[in-house]
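Here is a friendly note to read with the model open beside you. Take the points in order and look for each residue as you go.

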Amino acid sequence: MLEICLLYAAVLILGWPLGHYLAAVMRGDRSRAEPLFDLIEKPIYAMLGKAARQPMSLRQYLTAFVACNAALGLTVWLIFMFQGHLPWNPNHAPDMSWDLALHTAISFLTNTNQQHYSGQAQLSLLSQASAITGLQVASPLMGLAMACCMLRLLFGRQDEPNKPQNFWVDIVRPAVRLLLPAGLVLSVLLTSQGVPATLSGGPQFKPLDTTWKNPAQVVPLGPVAPMVAVKQLGTNGGGWYGPNSAVPLENPTPLSNFLETLAILLMPVAVVFMVGPFTGRKRLTTFIIGVMIAMSIGASAASIAAEHDSPGLQGASWMEGKEQRFNVDESALWSSLTTQTSNGSVNAMMDSMAPLTILVALCNMMINSTFGGVGCGLLQFFVYLMLTVFLAGLMTGRTPELFGRKIEAGEIRWLGVLILLQPLTVLGLSAITFSFPGLAATSNPGFHGFAQVLYEYTSAFANNGSGLEGLGDNTVWWNVSASVALLLGRFPSLMIPVVLAWRLSRKPLVPENAGSLQVESITFGLVLIATILILTLLQFTPALMLGPIADHFALTMTGVTP
């Protein structure tokens, strides 16, 4: 309990100054280190040409966003498919199949890092260090850029003038001035704990069992620490090794576990703390962080309680799938925090968690705005904020207004698309998968098998990436269908809120009066939480009953998972 309290305290203490610094970076403020940053940034802007020096309209901004994603996605797809013929491949990783390469490229492009492969065996060092880690830097920053675009449109110029927006500048500045330096610091700290940081392919050992078919065992190494640092800070989550941070080489000590857990929340919390100084509405930051922390603590407490009190999971079975280096509380806490954000990394096998712990993880991903990913969590929060304002307006008989601008039928149609897209995608793909024998490839035919499929599509749509790993997911069906869920969960969720902000920005500003809805209040915060829970979770209640809830009751009655 003490460690959990220290974690939340450390996140808030570090997130506040980091958020203020991030606001200055995204505003375009100059700093004392400007000459150093210019040495790195100016060559990049020179390569981009005029596009990096001119203010962009919203159409130009969104076009640059789509073009950047398309170019990066195609490039890394080709790298994966031809990695066996490319240099820097000491482990002799073969070419990926087209479908696995496609899924992997889209997964990392969308800040999801859902892995249908085992990194140490199926990726070359070139793929790991360039394509994988490169997207782990770029994809969260694109989410941050879209969130800042939305804030500029909603609030315009407040206490300090926000400089004209440019997509390329919004990517380069936070990369050079925040994410890469922070990743370097965390990488050094992790290396001090024993996480590998080398360019070699790893040593070979002769196995004790000489009858084993392989004469030598290779321990795959590489620049693991830098990737782990950026995977955590960027809410990416994809590990160098298949079992992720449950592997001692990625997460060797309790201190490394604390640092990696802290890094899961740090950037999303910093983005929230950025809102106040960036927009001039300091109370808005307090409101958002208050709602998110309340939901986070509730979900984390539920995960820990579920893992402790689950019937049938006692004694040796209680620690099955969990690392002896960490206790059950740390594993349950990680499972909750990694699904509250779009991180998806694990320090224990999610498939081994209690059914109700899996239920909490599913609910976190379905909500996807407790903290969410870098930038995209804030965008999703504003979607719920607009919906709650609309519902509150209906209940009070007033025209819904958000920050002095009316929310009308056109905005509600767009919001309806976002709310319905998740259940249509997740439940639709799950239904198709179960309709054809052999597609699901589950390791369990019972309720748990249903939960495996539901979890995979929920994780893909939420751009989370974690999974119940009893699933045989490296098939053409899973790679293609999960790619569809990845795309539908990423791009509409980033672009539609920005379009909504643009629509609101074109409406006349209505002065606030005594009858105006007070958004930044405790009462409205409670209404917002209730709205999030009702609108999101009720859509999935039947599916959750057939999955983890039924699994829990079966375990209660029989003492074993069916």
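1. Leu 74 is partly exposed, with a relative accessible area of 47%; that class lies between buried (under 20%) and exposed (over 50%), using a 1.4 Å probe and protein chains only. You will find Leu 74 in helix α3, where helices are DSSP runs of H or I with at least four residues, numbered from the N terminus. Together with Leu 78, Phe 82 and Leu 86, Leu 74 makes a nonpolar surface patch of about 340 Å². Patches take residues with over 30% relative accessible area and no salt bridge, and nonpolar side chains (Val, Leu, Ile, Met, Phe, Trp, Tyr) are joined within 5 Å. The areas come from the Shrake-Rupley method with a 1.4 Å probe.

2. A word on the model: it is predicted, so local features need pLDDT of at least 70 and side-chain atom pairs pLDDT 80 or more, while totals for chains, interfaces and linings use all residues. Residues are numbered from 1 along each chain as its sequence is written, and side-chain values use heavy atoms, with hydrogens and water left out.

3. Now for the salt bridges. Side chains of opposite charge can pair when their charged atoms come close. Here the cut-off is a side-chain nitrogen of Lys or Arg within 4 Å of a carboxyl oxygen of Asp or Glu, and the whole structure has 12 such bridges.

4. Which residue pairs with Glu 34 in a salt bridge? The partner is Arg 177, with the closest N and O atoms 2.6 Å apart. Arg 177 lies in helix α7 and Glu 34 in helix α2, so this pair ties together parts that are 143 residues apart in sequence. Arg 177 is buried at 4% relative accessibility, and Glu 34 is buried at 4% as well.

5. Arg 177 also forms a salt bridge with Glu 41, at 2.7 Å from N to O. Both Arg 177 and Glu 41 are buried.

6. Lys 231 sits in helix α8 (residues 224-233) and Glu 250 in the loop between α8 and α9, 19 residues apart. Are these two buried or exposed? Lys 231 is buried, with a relative accessible area of 0%, and Glu 250 is buried at 0% too.

7. Next, the second largest pocket, which holds about 440 Å³ of space. Of its 24 lining residues, Ile 44, Leu 72, Ala 138, Ile 171 and Val 172 are the closest to its centre. Helix α6 gives the most to this lining, with 8 residues. By type, the lining has 20 nonpolar, 4 polar and no charged residues. Ala, Val, Leu, Ile, Met, Phe, Trp, Tyr, Cys and Pro count as nonpolar, Asp, Glu, Lys and Arg as charged, and the others, Gly among them, as polar.

8. On a 1 Å grid over the protein atoms alone, a pocket is an open set of points with protein on both sides within 12 Å along at least five of seven lines, whereas a cavity is a set where a 1.4 Å probe fits but cannot get out; lining residues have an atom within 4 Å of a point.

Key:
Points joined across faces, edges and corners; volume = space filled by probe spheres on them. Helix = DSSP H or I, 4+ residues; strand = E, 2+ residues; numbered from the N terminus. Patch = residues over 30% accessible without salt bridge, like charges linked within 9 Å, V, L, I, M, F, W, Y side chains within 5 Å.
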